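Work through these exercises with the model open beside you. Try each task first, then read its solution.

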Amino acid sequence: MEETRQIRLGSDDRWSLHGMTALVTGGAKGIGHEIVEELARLGARVYTCDWNEAELNSCLQIWEAKGFQVSGSTFDVASHEQRESLMQIVSSEFDGKLNILVNNVGTNIMKRTEEFTPNEYTTIMITNLESAYHLCQLAHPLLKASGFGSIIMMSSVSGVVSVNIGSVYGATKAAMNQLAKTLACEWAKDNIRTNSIAPWFIRTPLTETVLSDKGFEESVKARTPLGRIGEIDEVTPMVAFLCMPVSSYITGQTICIDGGFTVNGL
């Protein structure tokens, strides 16, 4: 482990991702899309997946035009079998080595706890938590083989404090934060770091529907010390930073990107 660290920190690329490989789930839109661009812009070769074939193909064409090294295919990470197939392709694409895994895919159903059906509960649990857990398992040998692995869990402030956006969603995000802590300790010997990023409301195409309710948007701003909604480009640099050699002593952390929301006490 010490030898790997000396090699990495002795280079001039501590703030770069050149030569690294990454898998980002759900990369066709929203935060996932911007994470793909951020990692690729910094020199990483990125593989991404999304369930929407048309949106993904459109993104791949744009990324190619920008000169980014991005490839991808259509997968539903809620499927156990498709997750296994995805990792087989990633292993082949990157010669059995992977530096970065970003578990970005997530879903939510905004309902009161007593209104959830068993199927809705299962859908959120599988999509948010089981998929991340299983992909970490599948990626472990590839991350270990790279000699410098980093897992990023895209969580939420709802996994840190109580937020009125769904108890099941919050439970999955809290579990992702704890998973990051556990894997950070368990896989440190394999030179794999694991961290969790927990955003508050970030302005994306997926949140615009909710934030179009101006009363709701104002209530979010009122609970946020910085008094505004976050932007995607305020999230993605932290993802990239946690994957760089310069962050090599950071693991097991849950970092809230929330304009101060989680410390406000309101």
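**Exercise 1. Is E38 buried or exposed, and which residue forms a salt bridge with E38?**

Step 1. Look up the accessibility. E38 has a relative accessible area of 17%. Buried means under 20% relative accessible area, exposed over 50%, and partly exposed in between, with a 1.4 Å probe and protein chains only. So E38 is buried.

Step 2. Find the partner. E38 forms a salt bridge with R41, and their closest N and O atoms are 3.3 Å apart. A salt bridge here is a side-chain nitrogen of Lys or Arg within 4 Å of a carboxyl oxygen of Asp or Glu.

Step 3. Check the partner. R41 is partly exposed, at 47% relative accessible area.

Step 4. E38 and R41 are three residues apart in helix α2 (residues 30-41), so about one helical turn separates them. Helices (H or I, at least four residues) and strands (E, at least two) are DSSP runs, numbered from the N terminus.

Before going on, note the ground rules. This is a predicted model, in which local features need pLDDT of at least 70 and side-chain atom pairs count only at pLDDT 80 or more, while totals for chains, interfaces and linings use all residues. Residues are numbered from 1 along each chain as its sequence is written, and side-chain values use heavy atoms, with hydrogens and water left out.

**Exercise 2. Which salt bridges does R203 form with E217 and E231, and where do these residues lie?**

Step 1. Take E217. The closest N and O atoms of R203 and E217 are 3.1 Å apart. This pair links distant parts of the chain: R203 is in strand β7 (residues 202-203), E217 is in helix α8 (residues 214-222), and they are 14 residues apart.

Step 2. Compare the accessibilities. R203 is partly exposed at 26%. E217 is buried at 5%.

Step 3. Take E231. R203 also bridges to E231, with closest N and O atoms 3.8 Å apart. Again the pair links distant parts of the chain: E231 is in strand β8 (residues 230-231), 28 residues from R203. E231 is partly exposed at 31%.

Step 4. Widen the view. R203, E208, K214, E217, E218, K221 and E231 are linked in a network of salt bridges. The whole structure holds 16 salt bridges.

**Exercise 3. At what angle do helix α4 and helix α5 pack, and which residues make the contact?**

Step 1. Read the geometry. Helix α4 (residues 80-93) and helix α5 (residues 118-146) pack at about 35 degrees, with axes 10 Å apart. Axes are lines fitted to C-alpha atoms, for helices over the stretch in contact, and angles run from 0 to 180 degrees between N-to-C directions.

Step 2. List the residues. From α4 come H80, R83, E84, L86, M87, V90 and S91; from α5 come I126, E130, S131, H134, L135, L138, A139 and L142. Contact means heavy atoms within 4.5 Å.

Step 3. Sort them. The contact residues divide into eight nonpolar, four polar and three charged. Ala, Val, Leu, Ile, Met, Phe, Trp, Tyr, Cys and Pro count as nonpolar, Asp, Glu, Lys and Arg as charged, and the others, Gly among them, as polar.

**Exercise 4. Where does T194 lie, and which residues is T194 in contact with?**

Step 1. Locate T194. It lies in strand β6 (residues 192-199).

Step 2. Check burial. T194 counts as buried, because its relative accessibility is 0%.

Step 3. List the contacts. Leaving aside neighbours within four places in sequence, T194 is in contact with I151, M153, A180, L183, A184, T251, G252 and Q253.

**Exercise 5. What phi does D95 have, and where is D95 found?**

Step 1. Recall the rule. Most residues other than glycine have a negative phi.

Step 2. Read the value. D95 has a positive phi of about 55 degrees, although it is not a glycine.

Step 3. Locate D95. It is found in the loop between α4 and β4 (100-103). D95 counts as exposed, at 66% relative accessibility.

**Exercise 6. What is the mean pLDDT of the chain?**

Step 1. Read the mean. It is 94, and 95% of the residues reach 70 or more. pLDDT is the predictor's confidence in each residue, from 0 to 100.

Step 2. Over residues 1-10 the pLDDT is below 50.

Step 3. Draw the lesson. Where pLDDT is low, the predicted coordinates should not be read in detail.
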